[in-house]
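Subject: Structure handover and notes

Dear colleague,

Please find below the structure that I promised to pass on to you. My notes on it follow directly after.

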Amino acid sequence: MGKLVQDDGWRLPGELWERMEPLLPERPAHPLGCHNPRVPDRAAMDAIFFVLRTGSQWQALRATGICLPSSAYRRFREWIDAGVFEEFWRQGLLACDALIGIDWSWMAVDGAMTKAPLAGEKSGPNPTDRGKLGTKRSLLTDGRGLPLGLAVAGANVIDFKLLEQTLEATAVPRPAPTTAQPQHLCLDKGYDYDGPRQIAYDCGLTAHIRRRGEDRSATPAQPGKPRRWVVERAHSWLNRYRRILVRWEKLALTYEAMLHIVCAVTVWEFVSLLE
């Protein structure tokens with residue numbers, strides 16, 4: 001992963017931009033019928049991607065010459081309202097499904113916590129970081145580790161309480177499991193409670209939950225499966241983007257949009273390897 005991302009310029013690769021551009025909404029009409037020349041959409045997206053990759057403040061865009069901070073953030077909010085980033089993610093998953101198929105048979109869910117110095121919506125005291133404010137993201141992946149759905153909450157929310165919300169937040173509809181094509185859900189010992197087992201059962205999933213106190217070297221019933229490392233690897237993919245690694249957004253809406261962009265780019269990078 002990461003082959004398409006141009007680290008030298010910190011801009012969205014042209015191949016990915018060609019896939020995103022058709023999803024952009026038309027320019028809104030100015031109420032007075034006139035306006036200064038509009039910043040090109042490509043420049044605005046490059047500026048958004050620069051902030052996402054580097055974790056810099058929006059105002060730092062002034063020094064880059066890519067785009068003015070106000071223009072980049074305004075376009076960012078416009079595209080959030082239009083659902084561009086979620087649709088970009090969805091289109092990537094559909095393209096992957098058409099090429100090789102999404103591996104619904106062995107899914108995995110896990111949570112990851114990040115710092116949230118400015119607090120804001122869906123943040124809370126992190127019990128593993130001396131009560132400092134943080135955010136938890138719960139991620140669902142397929143058997144290859146591709147992000148399928150996510151949920152965001154305060155760092156003080158226990159992982160298993162986000163399980164149902166995460167399963168319901170898939171970017172594309174999950175097909176119903178059948179006897180011929182069962183669906184398994186791999187979870188770590190943080191989900192070793194009756195609640196997650198019931199949620200998995202209600203969703204038609206076979207839960208594989210590591211028991212608290214179980215020897216890490218215990219051999220699973222089926223060699224090679226279940227496996228949770230794919231979702232842990234996916235979290236590491238997301239953490240390559242410093243705006244995700246440390247949350248500076250006060251609004252949950254804008255933070256989730258950043259996550260949607262990262263998930264979309266991750267999926268489209270995988271698709272590019274298949275084509």
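Predicted model: local features only at pLDDT ≥ 70, side-chain atom pairs only at ≥ 80, totals over all residues.

Residues are numbered from 1 along each chain as its sequence is written, and side-chain values use heavy atoms, with hydrogens and water left out.

Overall make-up

The protein contains nine helices and six strands, taken as DSSP runs (H or I of at least four residues for helices, E of at least two for strands) and numbered from the N terminus. Of its 275 residues, 49% are buried, where buried means under 20% relative accessible area with a 1.4 Å probe, counting protein chains only. The exposed surface comes to about 13,300 Å², of which carbon and sulfur atoms supply 51%; accessible areas come from the Shrake-Rupley method with a 1.4 Å probe, and for residues only the protein chains shown count as cover. Among contacts with a separation of 6 or more, 68% are between residues 24 or more positions apart, a contact being heavy atoms within 4.5 Å.

Strands

Strand β1 (residues 106–115) is mostly covered, with eight of its 10 residues buried. Strands count as paired if DSSP finds at least two bridges between them. β1 runs parallel to strand β5 (residues 183–187), to which three bridges join it, and M107 has L185 in β5 as its bridge partner. With strand β3 (residues 133–141), β1 pairs in the antiparallel sense over eight bridges, and here T114 is partnered with T135.

S138 also lies in β3, and it is classed as buried because its relative accessible area is 1%.

Aromatic residues

Eight aromatic pairs turn up in a search of the whole structure; rings of Phe, Tyr and Trp (its six-membered ring) pair if their centres lie within 6.5 Å, and planes under 30 degrees apart count as stacked, over 60 as edge-to-face and the rest as tilted. W79 and F85 are an edge-to-face pair, because their ring centres are 6.4 Å apart and their planes are at 75 degrees; both residues are buried. F88 and W268 are stacked, at 5.9 Å centre to centre with 25 degrees between the planes. This second pair links distant parts of the chain, since F88 is in helix α4 (residues 84–99) and W268 in helix α9 (residues 252–274), 180 residues apart, and both are buried. One aromatic cluster is formed by W58, Y73, F76, W79 and F85.

Core

The largest nonpolar core has 73 residues, and those with the most contacts inside it are M20, M45, F76, F85, L185 and I244; such a core is a set of buried Ala, Val, Leu, Ile, Met, Phe, Trp, Tyr and Cys residues joined through side-chain atoms within 4.5 Å. Helix α9 gives the most to this core, with 13 residues. Beyond its neighbours within four places in sequence, I244 is in contact with residues including L52, T114, Y255 and V262.

With best wishes

How values were computed. Buried < 20%, exposed > 50% of the residue type's maximum accessible area, 1.4 Å probe, protein only.
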